Amino acid sequence: MKKLLVYLRPYRLQATLAPCFKLLEAAFELLVPLIMADIIDVGISSGDTAYILKKCLVLVGLGLCGFASATCAQYFSSKAATGATGRLRHALFAHIQSLSYAELDRLGTATLVTRMTSDMNQVQTGLNLTLRLLLRSPIVVFGAMIMAFTIDVKSALIFAVAIPVLFAVVFAIMLSCIPLYRRVQTRLDGVTGAAQENLSGVRVIRAFTREQTETESFAEKTGNLFSAQQFVGKLSALLNPLTYVIINLAIVAILRVGGVRVNEGVITQGQLIALYNYMSQILVELIKLANLIITITKAAACARRIESVFDENSSMTFPGEPAQDDPTAQDAVVFENVALRYGGAGAESLSGLSFRVRRGQTVGIIGGTGSGKSSLVNLIPRFYDATAGRILVDGVDVRDYPAGQLRSKIGIVPQKAVLFHGTIRENLLWGDPDAGDGTLREALRAAQAEEIVQGKEGGLDFEIEQGGRNLSGGQKQRLTIARALVG
């Protein structure tokens, strides 16, 4: 949690003003029962209408001041929460971009999507409510108890007994819920992953008529999520009835003891009503606090999940200074006794691999499925690090190149053609942001994709939908080849 609070630093002023305005609102609220006591003991008992109206105007004034304070608190807390979460979201996205393929494979896309969206929203909501209510509710609770002691010590002892019991109940349930909410978010990862996998592979599912099987599998995952949410929901739902029972028992005790004290002439009827109002305020605030605790519990669980992503460091490091190519090197690519073992794999995918590729030479890598062709190719742009041996590009070890310099030497066409939402021109310019239309058309001709562009309305300005949904598989593949050639 401490690692994430650093993103709140630029909003320290707003984070300070929000609870201050809430405390001001609480102070106005604590004055209301005393004014009500004066109305009953002075105005109503003597029939002084003018006094009653004057005190009513004071109540209206306190209400308006409280409303203004609450509005300011809401503004500052929202600004701090949204601003800090926005910075956190950007930092998380940048950190994910810095991770190597090995870490991304281990974490999985589904859990990263959940942490960028659902978890982040929970943290924002928790931070917003914390700034507004975390100090206000305890201040009102203890302030009401102190004000009760100023009225009558004997009656106020009931407050001193009830409040610790209430806090014990609230924190016991909170500590029980924290690990359960973490389990809920983990199962949400499973549902997100299943949905993503099914939607991306919907054509394969239909080709093999596996709709029923996948529906049942998805129903099982959502059922597990539902059962986890239901269990923690039932546990957290105990907060409201338990606090209601304790508070109402305390109110009965207040009325019993206070009634006797009124008969004895120790306190007035108005003061008894004030004690009742203070206990009612405590009830309202503890209900708010109970709901706040549930939200904070969810936010804390989600914050730990986000923090765990920040704890993942890339297994690759790149030098800051550009590498100097070896002008005497006759080989474009050299593998020297290279081996590769994926994380968690039982055996090496590649081992003892040595070969040279001369400049201008064309090499085809042939082998059965799973023989390591893609793994071999992924080692050249250093998507993965070799676990043994070394790989040279232009006479320099790939580990000595900065990422940008190494990747700029290589045109990459992934097995799964990926295009982004935007125009054809914008997608091709990924290869070289400064390329002109002549360069783009030359690359399209070489990739046999020129007729694709010519057949689209707008040509290079034709809008590609997300994932290239409005193109065929072959068209997407040829455009990704052109994109690599542009580079």
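Me: Where does Asn 337 lie?
Reply: Asn 337 is in strand β1. Bear in mind that this is a predicted model.

Me: What about the phi of Asn 337?
Reply: Positive, about 50 degrees, although Asn 337 is not a glycine.

Me: Is β1 enclosed or open?
Reply: Largely enclosed by the rest of the structure, because seven of its 10 residues are buried.

Me: What sheet do the strands form, and in which order?
Reply: An open sheet of four strands, ordered β2-β1-β3-β4. The pairing is antiparallel.

Me: Which are the edge strands?
Reply: β2 (350–358) and β4 (396–397). Each of them pairs on one side only.

Me: How many bridges join β1 to β2?
Reply: Six, and the two strands run antiparallel. Val 338 has Leu 353 in β2 as its bridge partner.

Me: And β1 to β3, how many there?
Reply: Five bridges, again antiparallel. Here β1 spans residues 331–340 and β3 spans residues 388–393.

Me: Which residue in β3 partners Phe 335?
Reply: Ile 391 is the bridge partner of Phe 335. Glu 336 stands opposite Arg 390.

Me: What does Leu 392 stand opposite in β4?
Reply: Asp 397. β3 and β4 pair antiparallel over two bridges.

Me: How many residues sit between the strands in the hairpin of β3 and β4?
Reply: Two. In that hairpin Asp 394 takes a positive phi near 55 degrees.

Me: Is Thr 209 buried or exposed?
Reply: Exposed, with a relative accessible area of 62%.

Me: Switching to helices. At what angle do α7 and α12 pack?
Reply: About 165 degrees, with the axes 9 Å apart. Helix α7 covers residues 136–151 and helix α12 covers residues 269–310. That angle makes α7 roughly antiparallel to α12.

Me: What is the hand of the crossing?
Reply: Left-handed, as α7 passes α12.

Me: Which residues meet there?
Reply: From α7, the list is Arg 136, Ser 137, Val 140, Val 141, Ala 144, Met 147, Ala 148 and Ile 151. On the α12 side they meet residues including Ala 274, Leu 275, Tyr 278, Ile 282, Leu 286 and Leu 289. Gln 271, Gln 281, Glu 285 and Lys 288 are also among the α12 residues in this contact.

Me: How does the contact of α7 with α12 split by class?
Reply: It has 12 nonpolar, three polar and three charged residues.

Me: What is Leu 283 in contact with, leaving aside neighbours within four places in sequence?
Reply: Thr 243, Tyr 244 and Ile 247.

Me: How far is Leu 283 from Ala 144?
Reply: In space, 11 Å from C-alpha to C-alpha. In sequence, Leu 283 and Ala 144 are 139 residues apart.

Me: Next, Ser 155. Which helix?
Reply: Ser 155 is in helix α8, residues 153–200.

Me: Is Ser 155 buried or exposed?
Reply: Buried, at 0% relative accessibility.

Me: What does Ser 155 touch, not counting residues up to four places away in sequence?
Reply: Ile 254, Val 257, Gly 258, Arg 261 and Leu 275. Leu 275 is also one of the α12 residues that meet α7.

Me: Last one. Where is Gln 14 found?
Reply: In helix α2, which covers residues 12–46. Gln 14 is buried, with a relative accessible area of 14%.

Methods. Residues numbered from 1 in each chain as written. Predicted model: local features only at pLDDT ≥ 70, side-chain atom pairs only at ≥ 80, totals over all residues. Heavy atoms only, no water. Buried < 20%, exposed > 50% of the residue type's maximum accessible area, 1.4 Å probe, protein only. Pairing = 2+ DSSP bridges. Axes fitted to C-alpha atoms, helices over the stretch in contact; angles between N-to-C directions. Parallel < 35°, antiparallel > 145°, perpendicular 65-115°, else oblique. Left-handed = near helix turned anticlockwise from the far one by under 90°. Contact = heavy atoms within 4.5 Å. Nonpolar A, V, L, I, M, F, W, Y, C, P; charged D, E, K, R; others polar.
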